[in-house]
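Dear colleague,

Here is the structure I said I would pass on. My notes follow below it.

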Amino acid sequence: MTTIIDGNEIADRIRAEVSACTETLAASDVRPGLATVLMSDDGASETYVSMKQQACEETGIDGFHHEIDPDEPAAVLYDRIDELNADPTVHGILVQMPVPDHVDKREVLARIDPRKDVDGFHPENVGRLVAGNARFKPCTPHGVQKILAAEGIETEGKDAVVVGRSDIVGKPMANLLVQYGEGGNATTTVCHSRTRNLAEKTRNADILVAAAGVPEMIDGDMIQEGATVIDVGINRVEADTEKGYELVGDVDFESCRETAGAITPVPGGVGPLTIAMLLYNTVKAASHQSGVAVEL
Ligand code: NDP
């Protein structure tokens, strides 16, 4: 019997923990604050940012939203980051990617105060993650870890395969799976567009994390009987719907659901966890910066 993992339910539990923490902080007059910065006209980015802001409101976090015209020079964004770094009501800063081509993405990530870098992409925080001493685990891979823990899926000694090597999902995911300790200790293989015989690798996975951004590329023949299949992909494909598209993952859900032991759907799998872990990191940042302890 395949378990269809309910990401919304797991995310709701984490949000409840976050709300409890914001109450603890409020008792000491600390209100966690998250600043989001959008420098793009992209519809999907606008949607992601507004979902993040709404989630803040629902969990007692102050959301501060900043929009910068994508035609403005890069310096406008850099200056805004400097202001937010200096603002004591802002504990977490998130610059929604992608930024326009004339903006240096690496400069943006490096400019955010690493103590406020709730995405976990600042080079210092990437280094700490790799060293096994993470300050903020990047939200999506951390969410995947939370899913595995919630479902009682042991990672130790398992063969884990991550398809995708991006800085925001694939690489940090592989790093977390390979770390010492809980949620790690997996024998981890990272695949990408140059990987030869991909199906041979994925079929060896006890735990498969698909994060390639290619609609439904993992089919039932590419997975092992009983595997845990975590689908990070969110892809818009044309469809006969009101919006003219629908969202599908990187996994062909129908062809994998019989073979998998457990599988995440899209939507309703990893997506809700990404937002929940952003709230989690924001509360953690507020706790560190204020010196008020919370239980996370
Ligand atoms: P990127 O495009 O940055 O990276 C994709 C990775 O997949 C690259 O490493 C690429 O290889 C690899 N890849 C592409 N095609 C293939 C292929 N045919 N076979 C094997 N590997 C391949 O994407 P992201 O990591 O940012 O995102 C991945 C997916 O996850 C997207 O659908 C995105 O929308 C979704 N996403 C979902 C989130 C959530 O909350 N659920 C959050 C973030 C992302 P190479 O490096 O060689 O080019």
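In β4, V95 is the bridge partner of V37. The model is a predicted one: local features need pLDDT of at least 70, side-chain atom pairs count only at pLDDT 80 or more, and totals for chains, interfaces and linings use all residues. Residues are numbered from 1 along each chain as its sequence is written. Helices (H or I, at least four residues) and strands (E, at least two) are DSSP runs, numbered from the N terminus.

Three-stranded sheet

Strand β2 (residues 33-38) pairs with β4 in the parallel sense over four bridges; two strands pair if DSSP finds at least two bridges between them. The open sheet has three strands in the order β3-β2-β4, with parallel pairing. Its edge strands, each pairing on one side only, are β3 (62-67) and β4 (92-95). Direction ignored, neighbouring strands here are turned by 15° against each other on average. Axes are lines fitted to C-alpha atoms, for helices over the stretch in contact, and angles run from 0 to 180 degrees between N-to-C directions.

Helix α2 (residues 43-58) lies across β2 and β3, at about 170° to β2. Helix α3 (residues 74-86) lies across β2, β3 and β4, and runs at about 180° to β2. Contact in these notes requires C-beta atoms, placed from the backbone, within 7 Å.

Six-stranded sheet

The order in this open sheet of six strands is β1-β11-β8-β7-β5-β6, and the pairing is parallel. β1 (3-4) and β6 (187-191) are the edge strands, each pairing on one side only. β1 and strand β11 (residues 262-263) run parallel and are joined by two bridges; I263 in β11 is the bridge partner of I4. Helix α7 (residues 170-178) packs on the sheet and touches β5 (159-163), β6 and β7 (207-210), with its direction at about 170° to that of β6.

Helices α1 and α10

The axes of α1 (residues 7-26) and α10 (residues 271-290) come within 9 Å and cross at roughly 20°. That makes α1 roughly parallel to α10, a term used for angles under 35 degrees. Residues in the contact include I10, I14 and V18 in α1, and L273, L279 and V283 in α10.

Ligand

Of the 26 residues around the ligand, G164, S166, S193, G213 and T274 come nearest; a residue counts as near if its C-beta atom, placed from the backbone, lies within 6 Å.

Regards

Definitions and conventions. Angles under 35 degrees count as roughly parallel, over 145 as roughly antiparallel, 65 to 115 as roughly perpendicular and the rest as oblique. Two residues are in contact if their C-beta atoms, placed from the backbone, lie within 7 Å.
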